Structure formats: structure tokens, C-alpha cells
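Visitor: Could you take me closely through one part of this model and then show me how it sits beside other parts?

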Amino acid sequence: MLKGNLTEFPLGTLLQTLAAAGRRGALLLSPPWLEGRVVLKEGRLYAAQAGAREGWPALELLAGLQRAPFVFDDAQTLPETPNLNLPLETALARLLAVSDRWARLEHLPGDWQVMLTLTRKSGELKLTPVMLQVLGLVEGRTVARILEEAQASPIEVAEALDHLMGQGVLQLRLHGEMKAETLVALSFYGRETGVAYVDEAQYREWRKSLPAPFGVRIRSPRGRESVFEVRPRADIPGRVMLHDKDLRNLRAGRGVKLEVRPELQP
Amino acid sequence: MNVLAWIDQINGWVWGFEMMLVFLAIGLYLTVRTSFIQFARIGVIFRETLGAIRERTLGGDGEISPFQATMIAMGATIGIGNTVGVTAAILAGGPGAIFWMWIAALVGMATKFAEATLAVHYRRRFADGSVSGGPMYYIARGLGLPWLGALFAVFAAVAAFGIGNVVQVSAIAGAMQNQLHITPAWTGLFAGVVVAVVLAGGVRRIARVAQTLVPLMVLFYLVLAVSVLVLHASGIGPALRSIFESAFSLQAGFGGAVGVATIEMIKAGVGRGIFSNEAGLGSAAIAHAQARVDHPVRQGFWGAMEVFVDSIVINTFTALVVLSSGAWALGGAPYEVLGQSFGGIVSAQPLLALALALFAFTTLISWAFYGEESAAYLFGEGIRWPYRLAYVVMAFVGGLGSFGTLIKFSDTMNGLMAIPNLIALLLLGGVVARLTRGFFSGEPWNPPK
């Protein structure tokens, strides 16, 4: 049984490899927010399902997954009737084109479990029918559900969401506070106080879940806390780098474990 | 003139007073280029080193923690020079020599700060995240003089067999024979086997051994010294006073003009302050290059601290023991005077011998790494195992007999290491200054491509 994650094997490459090897069976994708299935039969993409979507829209939706564990099961009972039934080359060419469109999205988070909310931003914006449709679905639904339930194709819905987020019409709705990380203090020197540096990977992770701008609230073991501007820096995993003076203000020092919680800046 | 006479002449030159002045001059130059870092930023140096001992490693390339890298370096520097060497300096120059030793050591802090900083900055990174660095790399990559870097590596790879190996095994064998009546052959065999086991684990195992053994042996020696000082508590005040008073007094040598003895005192003290911590020789930079740090200057602080512990703390304790006991005033061979100074407490002599054996053993391990890195720089990765094997065989043989010529030759090689290194420190002083300014401005480090 073939297992892995889409972070290592993108969907297009995976399907191409399986079909080229003449494999017959079902590729099961299971990100936490969706159940996906692509059936391969006789060198063709035979059927696809992603949540409530079926056929090509399902495959289009699955092409947007950046990470998801997968299993290829050749013992699965395959459906009698196809909902896709595309020759491999045609399917892969279309999949590649859609994947390119997904890759161009700048604002839509990779985690589709999050919810979006309307901002209070005022001003003029030209809305397309898909955008209108999306705005009607936003409240109370996760990104995954919007992508599944909207009438337009998943990639069009995703592009509409991305555009609206980029224009500041929509933003992430945070469920209470973000989880705090325990990071070890490291000092830096210079004139710039009020800034906290975290490792690039940590910053990227927060950046995906939070719309810019965001900062960090840092709490010392002695209970002192303060809010800092946050910036990425290379080669400091597990660390938060603060100016020597800021560390002293927090009654902390180098090597002290600090509670670091990202939060939206007003 | 035969070969031995040539070696003696070169040794006299590379370890002579004129060379000491060069070490001092470059140390002073680096002190200025780093804006007197060892004085102006002493608090930062302490916070970033002793204040951060228990921390995990930082990210980035490199295989061992900054503390482990420093312990490898200290394993090599702490040795006979901190005990017998300091006693010899007092015998040659009187108590005032210790004051000049401090001055030279303070200058040396800037030198080793620069060495450690450059070692990290110019180190080579491999695909697996491991690194290799040291003077050969900063000479080749920083100055663009690979032949000079190779020359340093040749000196270091050869010196390791003498100063790092045979000299140390002989010292261990001597101590074991005198105090525990163990024959040198057994000591040599034991040293060879232990060295083989440690070297087989590569830099990580060397680091683990060093991080355990070096602090323990330093602590062990300091406890021993404090025990003696407690017995001679009344002599500590006069000992300190004699250091300061005689440091500036014009003394007449035996039958010589006033001032001759003063010069001898300065030479003895400065020589100890320079050579006991190896600042300027470049050897320790090979260990510092291995540290996982986010900025080279952070490892530079460890370099400065290494000199502080070696030459200010340990040497001062030795000096106080020797001076407060009064044994130095009677004269004699340095090792005997040192033994008499520690003779006040029960079983001090065997304990001192054990301390000296430990000092020698850590030097043996650390120099193996220096030699191996230098050989790998010259001949590639394939040389590592043959070099280790040769080193282990030499460790065994080293306990068996005297290798006077080899030791003299390796002394020459050891002294010659300083020449390419000091040239690099002089010419790369601007890079050290830029990195230091950048660090204290909060700028991230951009390693050279």
C-alpha cells in the first residue's frame, strides 16, 4: 500500500506515476477538513470525489490541497459508473493548468479549517457574480465548506476569496487566541527596541494563519508581558530574539523560556 | 649547521621575545578594531557565555554547541603551561611577571575573539549540515590565499603529533610512573585505546568528552588550589601585593644593570599570557568553527572567555598557590617548585599528578581533532581515518621513549602556525570590526558565498 503526503508528492505527479504504472485502485486523500478520493482504472482517471463535490470539480478542489496524507488502496471496491473518465494526458494537462491557478493565490490560507469574516472596510469594489455568491456563504462556514458548497467551480471560488481577502473585504476569523509557543530568549543589541525576531519557519507558520499585520505578546515567567512587532530571522529555531533592554524590562534574560503568542495588531 | 641546530634557531625565533611583541601588537590592533571589546563589552561577554552555558544549541550549520566547541579549545589550551609554565614564569621574572601575564592575556582576549569570529564567518558548509573551519579557511577564503591556508594546515597537522600527542602522552606517562608506579608502556597502550575510541566518534564524541572532562578537571584543579590557599590564607594578601609592587619596580639582575631583570620579568609574564592560551596561534579557531550559532560574534565571545578562564582565572590560582606558599623563593626546577607549593595538603602530589594527566589527556584529544581537520583540508575527507590511526599509534608509542627531535620539530611547526594566522588577523581586522559592529547593531549575519 502506497502512503505519503502531498507536501512530498504533488497530486499531479502522483497521479501521473500511478497511472503510468497501470495501477488500479483508489487514491484516498485525508486532510482534516475533507475526504477526497480519486479512482484510477485502466490508465484513466475514472472518478473523483471531494466532500460534496464529484467529478472534475472534485479533482479541481483536490488540486488546491497543499498538504494532505494520502494512501493508494488497490483493494478498494471501485464505482461501477465513472463521473470523470478522462484520458490520462487530458486530465493531467487540465490538472496542471488548475494547479497553476491555485499556486498564484496569495492570501487564501492553506489551512481550510479556518473561517473568514467580513471586515468593516468601506469603499468601492466591483463584485463579480462569483464574489457575490462567496460573500453570501462566508459567515459561519469554514473555507473548506465554502469551496465545497458554492455553485461556481472550486478554483473560481478560491480566486474570489483570495481577491476579497487581498482587497481587505474579508479576513481570517480567529477562534479566540492563537496558541502560545514557548520559546527560549536570545538577546540582540543595537538601537531597535520593541521588536521580536523568531525563526523564519515559525514566522511563516504564523503568517499563514494570521492576516498581516500581526505582532506577538510575550509573557515572562515572572508574569510581565509586553507586545512586540515580530520579524523573521534565519537560524534561530525554538528562540525568540529580543533586545537586551526589552529582555530586562520583561525581567528576563538570555536562556529564559518565554510564552510567545501571536496576535493581530489593531 | 646541522638540522637540530636549525630547528633550535627557528624555535628561538618563533617563540622569542620579538615574536611576542608581534602577538601583542596584533592583539592591540584587534582591541582597537573591535572598540576594546574585552573591556567595553565584558558584561555582554559574560552573559553570552557563562550566562548561556545550559542553553541548547542555536540553529544553523555546525554540529556541536558553542560551549562544546569552547571546551574542545580549552581542552587543548589548559595544560602544563597553566601550572608548570606559570611557575616557570614566576621563577624567571618574579611575582611581577603575573601582572604582565594578565595584561598580555587581556590583549589576547581580543585576538581569540577575532579568531573565533572569523572561523565561523569563513567556515565551509557541507550538504549534510556539517562544517569545517579554522585559520586555513579564513586565510584561503578571506584573504584569497589558498597556499598560505595550506601552509597553516601543514604546520598544524604536523604539530599535532608532537605538541598535541607525544608531549602529552609523555607527561601522562611520567605522572603515572612517578605517582602510581605504572609503566609507560601500559599508560601508552591505555592512552592509545581511549584516544581511538574517542576519535572514532568524530567531532560529536570529542565534544561530548570535552564538555564533561574539561569543566570537571578545571573544577578539580581549582578546588585543589583553593584547598592549598586556605592553608596559606595569610600569604594571599602579600602575594597579591608582591605582584603589583614588583610589576613596576626597577630591579637589577644578577650582576646586570638595573632594568635587565625588569625586562626578564615582562618577557616571562607576557610570554605566559600569550602562549598559555594559544591566542594568535590559530589552533582553537578550528574548534570554534564547529559551533552552531546564529552569528559569528556570538562564538567570538566564547573565544574571549576561553582566554579569560585560561590565563586570568586558572593561571592566577596557580600563581597565588606558588607565591603564597613561599616555595618559589627557594628556587629550583619549575615542576619541583609547583609540587612543593601544593605539598601543604595530604595527598596533594598524587592529586596534582592526576590533574596534570587529565590536562594532558584533553590536550591529546583536542589536538587530534585539529590535526585531522588540517589534514582533511589538505588531502580531503579520505585522510581522516588514516590520520586517526597514525595518531593513535603515536599516542601508544609516545609513552615508550623520548622523542626529543620530533618534539622540537613539532614545536617549530606549532610556532610557525602563528605566522600565517597573524597575517590573516591583521589583514582581516576590518572584517572582524564590521561583523562586530553589525552584531551590536542587531543586523543578521550574512555568511560569504
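Guide: A:E181 stands opposite A:V260 in strand β15 of chain A. This is a predicted model, in which local features need pLDDT of at least 70, side-chain atom pairs count only at pLDDT 80 or more, and totals for chains, interfaces and linings use all residues. Residues are numbered from 1 along each chain as its sequence is written, while chains are lettered from A and ligands numbered from 1 in the order in which they are written.

Strand β10 (residues 181–188) and strand β15 (residues 257–264) of chain A run antiparallel and are joined by four bridges; pairing requires at least two DSSP bridges. Strands here are DSSP runs of E with at least two residues, helices runs of H or I with at least four, numbered from the N terminus. In chain A, β10 and β15 belong to a barrel closed by six strands, ordered β10-β14-β11-β13-β12-β15, with mixed pairing. On average, neighbouring strands of this sheet are turned by 45 degrees against each other, direction ignored.

Elsewhere in chain A, the unreviewed UniProt entry places "domain: PatA-like N-terminal" at residues 3–102; such annotations may be inferred rather than shown by experiment. Over residues 3–102, chain A is 32% helix and 30% strand, with the end C-alpha atoms 24 Å apart.

In chain B, helix α8 (residues 135–142) packs against helix α9 (residues 146–180) at about 170 degrees, the axes being 7 Å apart; axes are lines fitted to C-alpha atoms over the stretch in contact, and angles run from 0 to 180 degrees between N-to-C directions. Therefore α8(B) is roughly antiparallel to α9(B), a term for angles over 145 degrees.

Key
Parallel < 35°, antiparallel > 145°, perpendicular 65-115°, else oblique.
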